[in-house]
Amino acid sequence: MNCRTENVPLSRNRLMWQDDEIWLQVEYSVRQICSSLGKQNGIIRAVAEDIAAGYAAIDSNLERLCGQTCACCRDVCCMKATVWYDLRDLLFLYLFSGSLPATQIHRNSDHSCSHLSLAGCLLARHDRPFICTWYICSMQKSLLETQVERSCGIFISQKISEIQRQRKLLEDLCIAAVTCS
């Protein structure tokens, strides 16, 4: 990828691959990688399907958890956290759905995530950057440590770890397939 990201500062206002021209280069690069998978295409797409299944398995639990905590939170992560699509997110999205987001995640003038609505995130769980699934705030962790929610917390934690491993595997397989072709 010719994205020159090493000199791109990350701040509340500027995110990696934010510029339209650079985003087009990133899209092109991801499409090129995914079209060069050769014999590994089926295996790699199966990993993407497994990742999607992992997201689906924990989505309702995470939505319920957010419903219990985010409305009363004084430090809403979607209002302050700096998130963006990384290469693993984009490889997954393209291999799973055949498309990429129109733009990098950006912030509204109030610094909130561009996909935040009054009802929560406008994106489906699998369309969000992984950090939006991976991050569990301290209030949510406390709730998941209670006797009532402990098994749910263990399930979510295990699935998130599994998704993390599969995302790395997806990236490694894509890079290996491209370098071997």
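Histidine 111 is placed in the loop between helix 4 and strand 1, where helices (H or I, at least four residues) and strands (E, at least two) are DSSP runs numbered from the N terminus. This residue has a positive phi of about 75° although it is not a glycine. Most residues other than glycine have a negative phi. Histidine 111 counts as partly exposed because its relative accessibility is 28%; buried means under 20% relative accessible area, exposed over 50%, and partly exposed in between, with a 1.4 Å probe and protein chains only.

The model is a predicted one, in which local features need pLDDT of at least 70 and side-chain atom pairs count only at pLDDT 80 or more, while totals for chains, interfaces and linings use all residues. Residues are numbered from 1 along each chain as its sequence is written, and side-chain values use heavy atoms, with hydrogens and water left out.

The protein chain as a whole comes next. The chain has seven helices and two strands, and from the N terminus on its elements run α-α-α-α-β-β-α-α-α. The radius of gyration is 17 Å, close to the 16 Å that the globule rule gives for 181 residues, so the chain is as compact as a globular protein of that length. That radius is taken over C-alpha atoms, and the rule is 2.2 Å times the number of residues to the power 0.38. Along its principal axes, the C-alpha trace spans about 50 × 35 × 25 Å. Of the 181 residues, 37% count as buried. Among contacts (heavy atoms within 4.5 Å) between residues at least 6 apart in sequence, 77% join residues at least 24 apart. Aspartate 75 is found in the loop between helix 2 and helix 3 and, at 47% relative accessibility, counts as partly exposed.

In soluble globular proteins, nonpolar side chains tend to be buried together. Here the largest nonpolar core has 41 residues, and Val30 and Leu170 have the most contacts inside it. Such a core is a set of buried Ala, Val, Leu, Ile, Met, Phe, Trp, Tyr and Cys residues joined through side-chain atoms within 4.5 Å. The elements that give two or more residues to this core are helix 1 (20-35), helix 2 (41-69), helix 4 (87-97) and helix 7 (150-180). Helix 2 provides the largest share, nine residues. Not counting residues up to four places away in sequence, leucine 170 touches Ile44, Val47, Ala48, Ile51, Arg88, Leu91, Phe92 and Leu95.

Rolling a probe the size of a water molecule over the atoms shows where empty space is left. A pocket, on a 1 Å grid over the protein atoms alone, is an open set of points where a 1.4 Å probe fits, with protein on both sides within 12 Å along at least five of seven lines; its lining residues have an atom within 4 Å of a point. The largest pocket holds about 940 Å³ of space, a volume being the space filled by probe spheres set on the points, which are joined across faces, edges and corners. Its lining consists of 40 residues, of which Cys66, Cys70, Val76, Cys77 and Cys78 lie nearest its centre. Among the elements that give two or more residues to this lining are helix 3 (77-80), strand 1 (116-117) and strand 2 (120-121), and the largest share, five residues, comes from helix 2. The lining divides into 26 nonpolar, eight polar and six charged residues; Ala, Val, Leu, Ile, Met, Phe, Trp, Tyr, Cys and Pro count as nonpolar, Asp, Glu, Lys and Arg as charged, and the others, Gly among them, as polar.

The second largest pocket has a volume of about 290 Å³. Helix 6 and helix 7 each supply at least two residues of its lining, and helix 7 gives the largest share, four residues. One of the lining residues is Ile160. Isoleucine 160 lies in helix 7 and is buried, with a relative accessible area of 6%. Leaving aside neighbours within four places in sequence, isoleucine 160 is in contact with Ile58, Phe130, Thr133, Trp134 and Ile136.
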